[in-house]
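Dear colleague,

Please find the structure below for your review. My notes on it follow.

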Amino acid sequence: MFKIEELEIKDFKSHANSNIKFEDGINVILGRNGAGKSSILEALIVALYGSKAAKVKKEDLVKSGSKAYRITLKFNFRNSEIKISRSSDGEAVLSGDFKLEGDSKITDWVEKTILPYHVFQNAIYIRQGEIESIILDDDSREKLIRRIIRIDDYEVAWQEIGKIIEHFRQEAENFRKFALQQKTVLEQLDNKKLAMSKTSEEIETLEKKIAYLKPKVEKLKKENEELEKLKNSLNEKKSKLEKLELEIAHKSEKIQKAKIESEEIQIKIFELREKVVKAKEFEKDALYYKKLEAILKEAEKLPALVERLAGLNEKRRALIEEIRRNEELKKRSEEITREIEEIEAKIQDTEKKLRGYEEIEAKTLRLLELKKELKDVDEKKIEEMKTEIQKAKEEEEKLKEYEAKVISKISSINTRGLQIKKAIEELKSAEGNCPTCGRELKEDLRKNLIKSYTEELKNLKEELEKAKNIESKLKEKVSRLKSILSRESEVNLICKKFEEMRKIEEELKKIDIEAIKKLKNDFESLKNERNRLNGSLKEIKSSIKLEKLEKELEDLDTSIKNLSLLESKIKELMKNEGFESLEELKKKFEELKNTFIQWIELKGSEKALEEFKNKLEALKSEITKMDAELKDLIDKASEIKREISEISAAYDEKKHITLSQELKRAEEEILRAEEKRENLKSSLEALKKDVEYLEGQLAKLRDYERKADIIERKVIPELSRTREKFRSYKNIVIEVALGEVEKIASKIFEELTDGKYTGVVLKKVEERKEKIKLFVLYQGEERDVNFLSGGELIALAIAFRLALTTFLVKGQVPLLILDEPTPFLDEERRRKLVEIISTYLRKIPQVIIVTHDDELKEAADKIIKVDFSGGSSRVSYVEA
């Protein structure tokens, strides 16, 4: 058996997160159009057969604003619990007694083990309008039959095989046309082979010519290479000689310049010797000048030093005065601290006495607040309000009991009214026995019963109006009482506040408020004085900088001491050199200045003299070296001239030119022969490929001729026989299927009509074209379906549709899904459908009905309500 237990939907179409639990029996999914009911069925199909079964793109199934959907289906199959989970990102898992992964693997298992998809779609799942189409007209009914038992598949197969036969005929014709080209290809093949033979002969002639020319060229090359070596050697020697001659000229010029520079250096050395003598004469006075310059530099600091010392001494006096003032402030801060400590002790003592004051003050304020709120309320008024509420409660209880009785009566009247209406409808259409009393139904009895029921309906209507008026008045009274009872919490709050007010008044009578107020004022005065003294103390402490001032005085004394020592040191330096004043020192310094300047100018002469002496020695050494190098270059040039003379005697330039020209002509002739040979070889290769291609084409053309023979003699006759079999199979399938469906439908229809009709007949009738028509058996005679009443028509439609389902399932139907079965049905047919669902369909283990029609709730074992709110479908459960 196959039973669906639970379906979990996340981010699928209009469902954000829905969990639907199914039970055995009739499960009704109820909701307005657009609420998301059909999306539940789509999710069920996708869970079983994958997203391709929905016939839309995966992304179109994902809820707007979400990334991916996930569907999880739990079901029982052959007493095993199985769960299938699929998501739009490709994840698919089946788990139970075994495990499968992957969309296609799971779908294959469902198709092979549970039900093929076409059986589920055509047998289990009854679409909207299908029941109505069975009773609508012959064409609609025939379309449904053809779709469900797949008659048209055989017709389509017959047509497709016809197309295949025509394709093979065309293919054979094309093969014959290609085969006619064999003669042309044979002629082309012979021509290509002849051209290959001629090309091979030309290549052989050229190779003989190349073999003759190559030794000749090698001999000419050897002779030419020997002459080329002599020529290159001669040019090389001439080039070397030119370079040597240039080096000799350059070296001679360089030696001449070095000799001139040597004479100039000797003159400079003489001048520097005179300057060295003068520098020694000025050296003593110049060194004394340098010593005085250092002393003068220090002595010029004296005026500023004396002035700075005077300023520092003045600052020291002011600093001593500031330190004295800070010591007085420190003494005053100690006095204030003692005063604050005394006041703090008084504050602590007063604070102990005032600890209950804040509570008294809060109670006084609360009393004033309560008196203001309850100014219009006294104990008498409170009692009146409490009494009014108690009476309202008692009256409401009585009215509720009376209202329940009235509602019960209205329900009884409605039920009786429906029973009478049903009885009238049955009497109008009944034949034979009376459907209400079982007696023989004569026309007078029918009329009397209908009249009696009509009178009773009229009386019931009057009773119903009276009961509804009473109900309306009761509701008005209950509404008035609820208005009174709504003030109950307000009255309770007033009572509590009134009791609180009386309690505070009693507590305050026992306390001396004035004495506490005076104590409070004294307490505030002490706090203010403490705050004032703390402010003064803070201000004084911020002014005291005693430690900083003492440190400044210490630093200042150190600076004065250091400056005094520096002044003494400078005066001592001047005195040691015999100067009593700064003016005397400056005068002597100016007298020695010119001598010092001359000494500075002559000071570097001795060093420069040594440098020039060294330079002269190096230059003389360089001239000697260059003379030796010049002699060596002249010797080398003489040797190269001798070698050039010997090579010129052995080399013949005219002979070299003639030999080169002859070699060039021979090489060009070989090159032309080789180029022509390669071209001929390429042509030969192309001819070989052409021959291979033509031989291949010839083989293909012969194969085409063979294939054409096979198609015409074997393939087309075999396909034609198969095609005719499909046409005969179609007729057999129709006969078998219609017979089986007729048998099952007859049994169900007889049961649904309590044996009034004994069967259903399906016939193929020839009118303008062959049609399948439906008849019913009534008292042994075939009657057209138009003979049936509205309720009987719906019973026939259900019987016929269940027969089609049973035929496809090949046994007991485990599950039936009805998608919106009522939209096209009138009131009578809807009632009959509800009756059939409530009775006959309970034979099917599990039925799922999707509807917007509240009438179907009467047949339900479980009601699943679907609403759309907040941008998503929401699922809830209603008691059946």
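In these notes, buried means under 20% relative accessible area, exposed over 50%, and partly exposed in between (1.4 Å probe, protein chains only). D11 is partly exposed, since its relative accessible area is 24%. This residue lies in strand β1 (residues 2-12); strands (E, at least two residues) and helices (H or I, at least four) are DSSP runs, numbered from the N terminus.

The model is predicted: local features need pLDDT of at least 70, side-chain atom pairs count only at pLDDT 80 or more, and totals for chains, interfaces and linings use all residues. Residues are numbered from 1 along each chain as its sequence is written, and side-chain values use heavy atoms, leaving out hydrogens and water.

Two residues deserve attention for their backbone angles. Most residues other than glycine have a negative phi. D11, however, has a positive phi near 55°. E820, which is not a glycine, also has a positive phi, of about 45°. E820 sits in the loop between β12 (815-819) and α21 (827-839), and it counts as buried because its relative accessibility is 5%.

Helix α7 (residues 151-179) has 29 residues and should span 42 Å at 1.5 Å a residue, which agrees with the 43 Å between its end C-alpha atoms. The expected span is 1.5 Å times one less than the number of residues. Among the buried residues of α7 are W158, I161 and F175. Their cover includes α6 (138-149), α8 (182-299) and α19 (653-752), where contact means heavy atoms within 4.5 Å.

Helix α19 also holds I732, which is partly exposed because its relative accessible area is 48%.

Yours sincerely
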